[in-house]
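Open the model in your viewer and keep the selection tool at hand. We will go stop by stop.

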Amino acid sequence: DFAKQIGVYVLYDGHRPIYIGRAIAESLGTRLVLHTKGRMAARWNRFSWFGLLDVASDGTLGPKPAKLDAEQVITAMESLLIEVLETPLNRRRGDDIGGFEYLQEEAPELAETKLLQGLERLVKSAKS
């Protein structure tokens, strides 16, 4: 459960990045929920995030890291931009940046709920 993670996230429409945000005072989970409402609600269909909290083998999140120096911040910024923008001429993904990639799939019950909601909308529009 990465809902309490902090860091940077990117919202995509397909493969195109359309919004970049930060989760600091409000966690990643809170920020993503906010983007499911209002003007952003229907504009994105996937996201990626880059968190600062270490993830232990049992899935718990670690404490906030100590302050970073300018070289660490610039290296991290370069790595994030290369990763998000998938620039074709960059051969590396950044110096001294390590991490793991977590792939998330939609829960089957959410897919079923979306399907039922879509069917309900079709039935309502057919009746009107």
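The expected span of a helix is 1.5 Å times one less than its number of residues. Keep that in mind for the opening stop. One caution before you start: this is a predicted model.

**Stop 1: helix α3**

Select residues 108-127. This is helix α3, with 20 residues. From its first C-alpha to its last, α3 reaches 29 Å, close to the 28 Å expected. Now show the surface. How many of the 20 residues of α3 are buried? The number is one, so α3 lies largely in the open.

**Stop 2**

Go to Ser-27. Look for it in the loop between β2 (16-23) and α1 (28-34). Is Ser-27 buried or exposed? Its relative accessible area is 17%. The cut-off for buried is under 20%, so Ser-27 counts as buried. Next, show its contacts, leaving aside neighbours within four places in sequence. Ser-27 is in contact with Ala-3, Lys-4 and Gln-5.

**Stop 3: the salt bridge**

A search of the whole structure finds one salt bridge. Check the two partners by accessibility. Glu-26 is partly exposed, at 36%. Arg-31 is buried, at 17%.

**Stop 4: aromatic pairs**

Colour the aromatic rings. A pair of aromatic rings is described by the distance of the centres and the angle of the planes. The count comes to three aromatic pairs. Phe-2 lies in the segment before β1 (7-13), and Trp-49 in strand β3 (residues 46-51), so the pair ties together parts that are 47 residues apart in sequence. Phe-2 is partly exposed, at 21% relative accessibility.

Now select Tyr-9 and Tyr-19. This aromatic pair is tilted too: 6.3 Å centre to centre, 35° between the planes. The pair links distant parts of the chain, with Tyr-9 in strand β1 and Tyr-19 in strand β2, 10 residues apart. Tyr-9 is buried, at 0% relative accessibility. Tyr-19 is partly exposed, with a relative accessible area of 23%.

**Stop 5: a charge over a ring**

Finish at Tyr-12. Which residue lies over the face of Tyr-12? Select Arg-46: this residue lies over that face, at 4.2 Å from the ring centre.

Notes: Residues numbered from 1 in each chain as written. Predicted model: local features only at pLDDT ≥ 70, side-chain atom pairs only at ≥ 80, totals over all residues. Heavy atoms only, no water. Helix = DSSP H or I, 4+ residues; strand = E, 2+ residues; numbered from the N terminus. Buried < 20%, exposed > 50% of the residue type's maximum accessible area, 1.4 Å probe, protein only. Contact = heavy atoms within 4.5 Å. Salt bridge = Lys/Arg side-chain N within 4 Å of Asp/Glu carboxyl O. Phe/Tyr/Trp six-rings, centres within 6.5 Å; stacked < 30°, edge-to-face > 60°. Lys NZ or Arg CZ within 6 Å of the ring centre and 35° of its normal.
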